[in-house]
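Please read the following report with the sequence and the three-dimensional view side by side.

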Amino acid sequence: MQPKLDLDNENDNHFGILCSSQNGDHMPAAAPPTAESIRSEMYLLDRWAELTLARFLATEAGLAPGVGCTSAHLAQRLRITERHRPVVQRWVRVLAGAGLIAFDPHSDTAYGVRAPEAGEVERAFEDTREVEHCCGPSLRQFYRACAEHLGELVRDEISVQSLLFADPRIAEEIYAGNAASRLVNEIAADAVARLVSPGGRVMEIGAGTGATTQHIIARLDTSVRYDFSDVGDYFLRMARERWGARAGFAATRYDLRQDCSAQGVEPGSVDVLVAANVLHNGPNATATLRDLRRLLRPGGHLVMIETGREHHPLLLSMYLLMSPPPGRTDERPSDQRRHDGRILLRREEWNTAAHAAGLREVEIAPERSHPLEGMAQFVLVAENPDAAGPSVHS
């Protein structure tokens with residue numbers, strides 16, 4: 001998932017950092033992935049995260065076998081800040097599904113089953129060394145650092161960003177070392193190049209580090225206008241340094257949570273709108289897509305990349321970046337995610353939201369049979385079939 005972090009603001013709630021790539025030049029070659037190898041890698045990563053969280057709740061919040069405790073009480077015992085408290089509810093549901101705790105959803109009460117020993121957690125972490133396509137050594141160490149500082153993270157005593165950027169190799173590996181990211185970035189770039197004509201306009205929302213941008217720009221005619229946008233000034237400065245000399249390139253601030261007209265973007269002016277692992281930051285998928293549809297000309301297209309599976313290492317790391325800023329807890333998701341605390345929607349849920357927003361699905365890739373499908377990264381291409389719809393803000 002593509003990084004969408006505002007480095008000028010430690011409370012930025014953008015997510016999606018685990019599956020973007022800039023190039024594959026810095027990672028050793030791995031054996032070609034198979035569906036079985038990907039499933040095995042995801043299991044190893046998920047199992048370590050589940051054991052880590054179960055031990056954390058047992059040792060830090062006192063969740064003991066046979067003793068009931070609500071999510072609110074667990075959060076209170078952990079002294080979690082208000083904006084992060086819903087993450088405990090998600091932990092409980094995930095751990096219940098993994099058989100590590102018992103959970104009564106009617107009373108929102110968790111019961112300890114067993115507390116994993118430190119040695120068991122460590123062995124599970126060592127098992128993740130076998131992972132080749134989903135996680136490299138620097139990213140593994142980032143996950144481990146988040147686990148070791150989890151109490152401080154949920155109390156906002158330190159930030160996820162401070163761990164993420166403590167070693168430049170972490171970010172470099174994230175951008176370069178994910179097979180699924182390379183695949184979906186190539187698929188998205190091919191789609192954009194196919195859909196925009198010379199002299200047309202492409203706008204990328206939440207472009208971040210440019211991990212997807214670079215694939216797209218390399219395929220475009222130089223007459224195509226490219227509007228790179230993000231909420232982070234750091235990324236805008238970086239984009240201007242990298243592509244500012246290209247004719248028709250602009251890097252400007254754009255926030256998908258705000259009305260497009262108020263941000264200087266004329267409705268119906270974009271031929272292809274690109275959104276790589278950023279749309280889940282909108283609190284309601286249908287409302288977000290409906291509002292973005294206003295930017296597209298009739299017959300224009302949205303090309304979006306999302307991840308439809310909540311990889312469990314995210315629950316102790318990047319999940320915390322989805323928490324609303326302090327004092328703005330009303331910005332939590334209002335779509336399907338409000339029911340179970342997920343931060344990501346499945347591909348079929350995005351497809352449903354696109355139809356509800358008045359967009360027409362053109363394609364979803366990769367196909368279900370693809371070896372990398374288990375990582376759940378996908379590209380959805382949708383068309384604005386007619387005149388733009390009304391603003392959701394009006």
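## Salt bridges

Arginine 144 is partly exposed, with a relative accessible area of 22%, where buried means under 20% relative accessible area, exposed means over 50% and partly exposed lies in between, calculated with a 1.4 Å probe on protein chains only. This is a predicted model, in which local features need pLDDT of at least 70 and side-chain atom pairs count only at pLDDT 80 or more, while totals for chains, interfaces and linings use all residues. Residues are numbered from 1 along each chain as its sequence is written, and side-chain values use heavy atoms, with hydrogens and water left out.

The side chain of arginine 144 meets that of glutamate 148 in a salt bridge, a term for a side-chain nitrogen of Lys or Arg within 4 Å of a carboxyl oxygen of Asp or Glu. Because arginine 144 and glutamate 148 are four residues apart in helix α5, about one helical turn separates them. Helices (H or I, at least four residues) and strands (E, at least two) are DSSP runs, numbered from the N terminus. The search of the whole structure finds 24 salt bridges, and the table sets out three of them.

| Salt bridge | N to O distance | Relative accessible area |
|---|---|---|
| Arginine 144 and glutamate 148 | 3.7 Å | arginine 144: 22%; glutamate 148: 56% |
| Glutamate 126 and arginine 129 | 2.7 Å | glutamate 126: 33%; arginine 129: 53% |
| Aspartate 227 and arginine 225 | 3.1 Å | aspartate 227: 5%; arginine 225: 40% |

## A sheet of three strands

In which order do the strands of the open sheet lie? The order is β1-β3-β2, with antiparallel pairing, and two strands are taken to pair if DSSP finds at least two bridges between them. The edge strands, each of which pairs on one side only, are β1 (68-70) and β2 (101-104). From one strand to the next, the twist averages 30°; axes are lines fitted to C-alpha atoms, for helices over the stretch in contact, and angles run from 0 to 180 degrees between N-to-C directions.

Three bridges hold the antiparallel pairing of β1 with β3, which covers residues 109-112, and glycine 68 stands opposite tyrosine 111 in β3. Helix α2 (residues 71-78) lies across β1 and β3 and runs at about 85° to β1. Helix α3 (residues 86-97) also packs on the sheet, where it touches β2 and β3, and its direction makes about 120° with that of β2.

Leaving aside neighbours within four places in sequence, threonine 109 is in contact (heavy atoms within 4.5 Å) with Gly68, Cys69, Thr70, Ala102, Phe103 and Asp104. The side chains of threonine 109 and serine 107 are joined by a polar contact of 2.9 Å. A polar contact is a pair of N or O atoms within 3.5 Å; within protein, one must be able to donate a hydrogen and the other to accept it, and residues adjacent in sequence count only if both atoms are side-chain atoms.

## Nonpolar cores

A nonpolar core is a set of buried Ala, Val, Leu, Ile, Met, Phe, Trp, Tyr and Cys residues joined through side-chain atoms within 4.5 Å. The largest has 59 residues, and those with the most contacts inside it are Trp48, Leu74, Val88, Trp91 and Phe142. Among the elements that give two or more residues to this core are α1 (35-61), α2, α3 and α5 (137-148), and α1 gives the most, with eleven residues. Leucine 74 touches Ala61, Leu63, Cys69, Val88, Val92 and Ala110, not counting residues up to four places away in sequence. Apart from this core lies another, of 28 residues, including Ile216, Val224, Leu236 and Val381.
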